[in-house]
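Me: Please take a close look at the charged side chains in this model. I would like one connected account of how they are placed and paired.

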Amino acid sequence: MKKVTKILAVVLVLALAIGVFAACAKKEPTNNNNEPEKAKVKVGFIFLHDENSTYDLNFLNGAKAACEKLGVEYVLKTNIDESNDCYEAAADLADQGCNIVFADSFGHEDFLIQAAKEYKDVQFCHATGTKAHTEGLDNYHNAFASIYEGRYLAGVAAGMKLNEMIEKGTEINGTKVTADNAKIGYVGAFTYAEVISGYTSFFLGARSVCPTVTMEVQFTGSWYDETAEKEAATLLINNGCNLISQHADSMGAPTACETAGVPDVSYNGSTAEQCPNTFIVSSRINWEPYFEYIIGCVADGKAIDTDWTGTIATGSVVLTEVNEKAAAEGTQAKIDEVKAAIEAGTVKVFDTSTFTVDGKAVESYQADVDTDEAYEGDTEVIKDGAFLESNFRSAPYFDLRIDGIKLLNEKY
């Protein structure tokens with residue numbers, strides 16, 4: 001009997017040991033820095049175009065960099081239209097086990113919301129969207145950045161170039177650039193607040209150093225149409241614009257500038273390699289910090305902000321290196337000076353003392369923040385002498401048409 005008892009005791013000890021070993025084996029692994037393990041996060045990305053679009057390439061690069069840095073699995077879907085194709089792509093990514101699904105284009109929003117309502121255990125994140133704060137879904141989120149600050153700085157570089165051309169009597173299309181004809185052109189996609197905010201901040205940056213500057217805007221009605229963007233830039237150049245910028249995604253405008261010998265400020269990345277003689281600088285949103293943020297939230301079991309706005313301080317708004325071959329002397333130093341002032345709060349991009357609308361100062365404005373079908377203003381956005389852009393939601397809502405900017409067409 002004692003022998004049997006001893007055998008049973010040994011068996012019990014072995015069973016306990018096996019149980020302890022199994023429990024230890026189930027512990028979630030951590031890295032050497034005691035940070036949450038990211039291995040169980042899988043991210044699906046939906047892009048409107050592919051790497052041929054500067055806009056989508058910017059997202060692609062950020063997505064790959066963030067996921068590879070954190071060691072998480074990811075799936076990329078490119079050339080997904082702003083249609084039910086987006087819903088199908090989102091549903092497929094969720095079915096593949098992605099616990100985060102991200103889409104990068106404004107028109108993807110309604111289809112991503114549809115997927116979020118169906119796949120409630122998946123976090124859906126959307127760039128440039130406007131509806132997260134009114135939809136009330138725990139698993140749907142919008143994100144953007146204060147790119148208007150980057151565009152303002154790019155505008156400063158443009159103003160520096162105009163001043164240099166005025167001083168040197170540079171000829172563009174056979175006409176000398178003077179203070180009286182210091183006109184810049186802008187290729188826009190659509191007449192959305194995002195685009196209006198962008199071209200206005202660029203213009204205000206240019207005017208802060210070249211007070212006589214005016215601007216013309218030509219819309220294409222497409223985020224990516226190389227032919228239309230090239231034609232728009234050419235039209236602006238033929239109209240007497242001495243420098244071109246853009247909020248459109250192809251190389252159409254930069255190549256038109258290089259051909260014509262007109263200085264260019266591009267967007268979402270440097271075009272110095274393709275346009276070495278005319279490219280000055282480019283601003284862009286760096287999406288890597290946001291992707292790292294949402295991956296960390298899911299790994300840690302924390303809520304993702306309904307509206308997330310990156311800034312210069314978070315490394316989310318950046319400029320390329322200045323191309324000194326085309327830029328005016330002292331451009332980088334001036335950018336650094338103004339950037340520091342923006343960060344310190346002594347320069348505000350939409351300072352209402354720096355612009356008028358129909359000849360009048362803007363002292364109060366109801367912006368359309370809670371976007372509805374009527375696009376009616378619902379939120380007071382002027383405070384302490386400045387338009388508060390991206391404070392009440394992440395996506396821009398600045399849609400004032402200020403004096404000094406002429407729209408050549410309308411594309412909604």
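Reply: A charged patch here is a set of residues with over 30% relative accessible area and no salt bridge, with like charges joined within 9 Å. The model is predicted. In it, Asp370, Asp372, Glu373, Glu376 and Asp378 form a negative surface patch. One of these, aspartate 378, sits in the loop between strand 15 (366–367) and strand 16 (379–380). Aspartate 378 counts as partly exposed because its relative accessibility is 31%, and membership of a patch calls for over 30%.

Aspartate 50 is another acidic residue without a salt bridge, but it is buried. Its place is the loop between strand 1 (42–46) and helix 2 (54–70). The nearest side chain of opposite charge belongs to lysine 64 and is 11 Å away. What aspartate 50 does have is polar neighbours. A polar atom of its side chain lies 3.0 Å from the backbone nitrogen of asparagine 52, and a polar contact of 3.3 Å joins its side chain to that of asparagine 79.

Now to the paired charges. Side chains of opposite charge can pair when their charged atoms come close. A search of the whole structure gives ten salt bridges. Among them is the one between glutamate 73 and lysine 42, at 3.6 Å from N to O. This pair links distant parts of the chain, with glutamate 73 in strand 2 (residues 73–77) and lysine 42 in strand 1, 31 residues apart. Glutamate 73 counts as partly exposed because its relative accessibility is 47%, whereas lysine 42, at 14%, counts as buried.

Glutamate 164 pairs with lysine 168, and their closest N and O atoms are 3.8 Å apart. Both residues belong to helix 6 (residues 147–168) and are four residues apart, about one turn of the helix. Glutamate 164 has a relative accessible area of 17% and is therefore buried; lysine 168, with 60%, is exposed. The pair is also part of a network of salt bridges that links Lys161, Glu164 and Lys168.

A further salt bridge is that of glutamate 410 with arginine 401, whose closest N and O atoms are 2.7 Å apart. Glutamate 410 has 36% relative accessibility, so it counts as partly exposed. Arginine 401 is likewise partly exposed, at 36%.

Note on methods:
Residues are numbered from 1 along each chain as its sequence is written. This is a predicted model: local features need pLDDT of at least 70, side-chain atom pairs count only at pLDDT 80 or more; totals for chains, interfaces and linings use all residues. Side-chain values use heavy atoms; hydrogens and water are left out. Patches are made of residues with over 30% relative accessible area and no salt bridge: like charges are joined within 9 Å, nonpolar side chains (Val, Leu, Ile, Met, Phe, Trp, Tyr) within 5 Å. Accessible areas come from the Shrake-Rupley method with a 1.4 Å probe; for residues, only the protein chains shown count as cover. A salt bridge is a side-chain nitrogen of Lys or Arg within 4 Å of a carboxyl oxygen of Asp or Glu. Lys and Arg count as positive and Asp and Glu as negative; His and the chain ends are not counted. The place of a charge is taken as NZ of Lys, CZ of Arg, CG of Asp or CD of Glu. Helices (H or I, at least four residues) and strands (E, at least two) are DSSP runs, numbered from the N terminus. Buried means under 20% relative accessible area, exposed over 50%, partly exposed in between (1.4 Å probe, protein chains only). A polar contact is a pair of N or O atoms within 3.5 Å; within protein, one must be able to donate a hydrogen and the other to accept it, and residues adjacent in sequence count only if both atoms are side-chain atoms.
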